[in-house]
Amino acid sequence: MRHTLLFFVLFSSQSAFGQVRYSIPEEMAKGSMVGNIAQDLDLDLKRLKSGNARIFSGDSTEYIELNKESGRLLIKEKIDRESLCAKTTACALHLQMILESPMEMYTITVEIMDINDNAPTFQNKQMRLEISESAVTGARFVLEKAVDSDVGTNGLKSYSLQPTDHFVLELQNMAEGRKNVEMVLQRPLDREQQERFTLMLTATDGGEPVLSGTVQIHVTVLDANDNAPVFTQKAYNAVVIENSPKGFKLTTVSASDADESTNGQVMYHMSNPDVDVKDVFIIDQLTGDITLNAHIDYEKTSHYEVDIEAKDQGGLSDSCKVIIDVLDINDNKPVITVMSKSTSISEKSNPGTVVAMMKVNDPDSSVNGQVHCSASESIPFSITSPSNNFFILRTEELLDREREAEYNITVMCSDEGVPSLSSSASLCLQITDVNDNAPVFERSSYEAFVIENNIPGLTVFTVKASDADSNQNARVSYILEDSTVNGVPVSSYVSVSADSGVINAVRSFDYEQLKNFNFRVIAQDGGSPPLSSNVTVTIKIQDQNDNAPQVLYPVQTGGSLVAEIVPRSADVGYLVTKVVAVDVDSGQNAWLSYKLQKATERALFEVGPQNGEIRTVRQVTDKDAVKQKLTVVVEDNGQPSRSAVVNINVAVADSFPEVLSEFSDPVYDKDYNTNLTFYLVLALVAVSILFIFSVISIISVKIYRWRQKRLFYKSAANLPVIPYYPPAYADGTIQHMYNYEVYGTTDSRMSDIKCVRPYSQNTLGSLTCMSTMQRQKSEQENTDLLSEQKPPNNDWRMPPNQRPGPSGQHRFHTLQQRWTPYEKSRAGPRPEEAGAGAVGGTGPWPNPPTEAEQLQALMAAANANEATATLGPRYNAQYVPDYRQNVYIPGSTATLTANPQQQQMPQQALPPPQALPPTEAPKAAPTPASKKKVTKKDKK
């Protein structure tokens, strides 16, 4: 049977506390259910799993375990109430169930109910008594008490003695409900009748079922000793401080015997059956002094009761009780047990967040066991105690990881004893970062200097920003803020490395165009959301001596001649002219100095080095030439310096006609223009390279054509026969398929004719037989096709050069057929009159055939002769295809035919022959190829 009592108290939103109580019998089997903690505390099973619920006992042996799947408390180890609580009536296990996220703690009390599982036992298997025969009736003899580990009704209940002829059993009530077992003599003993007695003492408990224990009592009858020892008092009280040294004297018991001699000598001994009492205390048998024999600890036992028996030599005895109280001293430090703790916490956690839960236990009593705890100073944490011996560590204020990234918290717990004892526990708590700090630049603004004419990509300087956050929140990226400089995006001037903050110049700067400019660089961290800051950067361009001085006066003209006139009466220091020059550079790069480089009369003029004034050094004489030429060099002060040269013509004369006569002849400058020379040389080199390339190209083309011609001559004899099948026209032009053999020239410029032969005679024979069968079939069908043919168009009346379609010299592997009706006159005999071996011209009658048409006819004849020589008499002219049967005229749907029956049919679509104007056939332009072809045919 199990009883459950539940108390639940809610302390805060982040930590909860409650109490539940169960009662179970001892000796339950492993796996037995104590109670359903989830149901009793109204907790969800998912909460047990997510909160990592666990049972904290504080003892070395875990008797109870939690099943998170079912929420039940189960027996993990068999519980023996006697070994756990000894004689303590109220025996209970005090457990705590801890939940996390948020932290919650529940106190579980499991009361262990006693069962009757222990029988009463005697320490000794037998007892021996020596009783004088003179013992009077009613004499009492103290017997050994039985021990029963069970408590309550299951504990020791009664004793019985068998047999009861001489002795009866009586129980004497003592303090705190304890009883002494005494055997009382009810009949006098007579040693002469019976010297020894054997009795059986039985002890029984009150449990169900009833358990018992027995011991044998052996009684020996002695001679008379009629006075028993008597203690001065029935109970003695003693106090001892725990941790007292061994041998410390507690008290002395005393008993007296009225007998004399040996019957009056009293011996003391302890009659307690508990082994613990005999091990802790000893008694002197002669003096009755009780001393400490072992270490005594208040936390284990605070109260002892010792039974002392005094016995004389005659076997008579008396008993008393010694009550010993142990005084507690502050000898135990508080024991800190961390039940749950967090290793890290976010810096944005609210004040009051629970960091750790601890249980502090001090075994001492009273003020020695009262404990208070505190955390280290100067940290934002505090400790509260929601219940006895339980403490919670909380945050006291907002945390800042940048100020303190880690806290080593020392929890100090001390009791209130004198002197006070304390113990400590250390907790290491990491503060996790949140992105609450923006990057900060090392300076509020930056200024850098760049010398003009720099190389693009030059590193100007580096901006640096730091972020107090950590990890990704402290990763700083640099961004160039969009802005313009003189209407141009600043990104075309500089660039910023996103990782390092290095600023590079994108272009080459010119001090004369841009002296300085400003822009902003943004530093942005990698947090979410990202934080950023910006800084202003000023780039100042430093001048470089990259501009030569420019002469403003005198103006240098190309065509006209300007001269300064100096009268011959000029005195020393006469100002001839002043050279005015400027330099667009700045600073010392723009400081100009003047010096006279060349002069007709160097001793006559001088130039002021600072102001450029040209003055006379001496008096002008008649011997000085009228025409004076001065060359002045203007040089700046840069490193390296740059200069400009100005030529000044000075006329030493008193009148203008004299000056005019002197400067009338044109003056030519003998200095050559170096730029013009350079361009001329460059043009000459380019023309030479182009010429060499052209010559190489022509030679390469010549060699390529020569190689192609050689390859064709070598491979022409082995060309395979490729039959060609002209398409079948569905509109009635050509209704049957024909096979043709191909003839071609090896080169368009040569006159050699190559007859392409097949690889084997079988192929040619099969092709010839197929061609013959097709021709025979075609001749049978010609009559049926006459009515389907359409009249020809007028294109066939035209001369060859005006006909539509291809004409002239044919390309390789190209077949062309031209036919003319028989009524027209030709330059040669008609095919039916010329015989089987003759092939007539194909030009329109009476026009003579062109050279190309003659060449085509010769090719057909050569093919027929060769086939006759190869195949024998079976092949003759009648099997040569009649190229005049059906002729397709390009550009027309009509078809020309040479059938004699067709000649009789009227040709209504054609005009009379005499209506055509007489035309001459244009002669083909003679070419080397055509001449060569005719020559070779004539030779054959």
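The structure holds two disulfides, a disulfide being a pair of cysteine sulfur atoms within 2.5 Å. A disulfide is a covalent bond between the sulfur atoms of two cysteines. This is a predicted model, in which local features need pLDDT of at least 70 and side-chain atom pairs count only at pLDDT 80 or more, while totals for chains, interfaces and linings use all residues. Residues are numbered from 1 along each chain as its sequence is written, and side-chain values use heavy atoms, with hydrogens and water left out.

**Stop 1: the disulfides**

Select Cys85 and Cys91. Their sulfur atoms are 1.8 Å apart and form a disulfide. Look along the S-S bond: the angle about it is 65°, and the link of Cys85 and Cys91 is right-handed. Cys85 and Cys91 are both buried. Here buried means under 20% relative accessible area, exposed means over 50%, and partly exposed is in between, for a 1.4 Å probe and protein chains only.

Next select Cys373 and Cys413. A disulfide joins Cys373 to Cys413, with an S to S distance of 2.0 Å. The link of Cys373 and Cys413 is right-handed, with 110° about the S-S bond. Cys373 lies in strand S28 (residues 371–374) and Cys413 in strand S31, so the pair ties together parts that are 40 residues apart in sequence. Strands (E, at least two residues) and helices (H or I, at least four) are DSSP runs, numbered from the N terminus. Both Cys373 and Cys413 are buried.

With bonded cysteines counted along the chain, the disulfides follow the pattern 1-2, 3-4.

**Stop 2: two other cysteines**

Select Cys320, then Cys428. Cys320 is buried, with a relative accessible area of 4%. Cys428 is partly exposed, at a relative accessible area of 41%.

**Stop 3: two cis peptide bonds**

Select Glu208 and Pro209. The peptide bond that joins Glu208 and Pro209 is cis, with omega about 0°. To place Pro209, find the loop between strand S14 (196–205) and strand S15 (212–222).

Then select Val418 and Pro419. A cis peptide bond joins Val418 and Pro419, and its omega is about -5°. Pro419 sits in the loop between strand S31 (406–415) and strand S32 (422–432).

**Stop 4: two residues with positive phi**

Select Asp42. Asp42 is not a glycine, yet it has a positive phi of about 60°. The loop that holds Asp42 runs between helix H1 (37–40) and helix H2 (45–50). Is Asp42 buried or exposed? Asp42 is exposed, with a relative accessible area of 70%.

Now move to Asn471. Asn471 has a phi near 55°, a positive value in a residue other than glycine. Asn471 lies in the loop between strand S36 (465–466) and strand S37 (476–480). Asn471 is exposed, with a relative accessible area of 71%.

**Stop 5: a sheet of three strands**

Select strands S46, S50 and S49. These three strands form an open sheet in the order S46-S50-S49, and the pairing is antiparallel. Two strands pair if DSSP finds at least two bridges between them. Strand S46 (575–578) and strand S49 (605–607) are the edge strands, each pairing on one side only. From one strand to the next, the twist averages 20°; axes are lines fitted to C-alpha atoms, for helices over the stretch in contact, and angles run from 0 to 180 degrees between N-to-C directions.

Zoom in on S49 and strand S50 (residues 613–616). Three bridges join S49 to S50, and the two run antiparallel. Finish by selecting Val607, which stands opposite Ile614 in S50.
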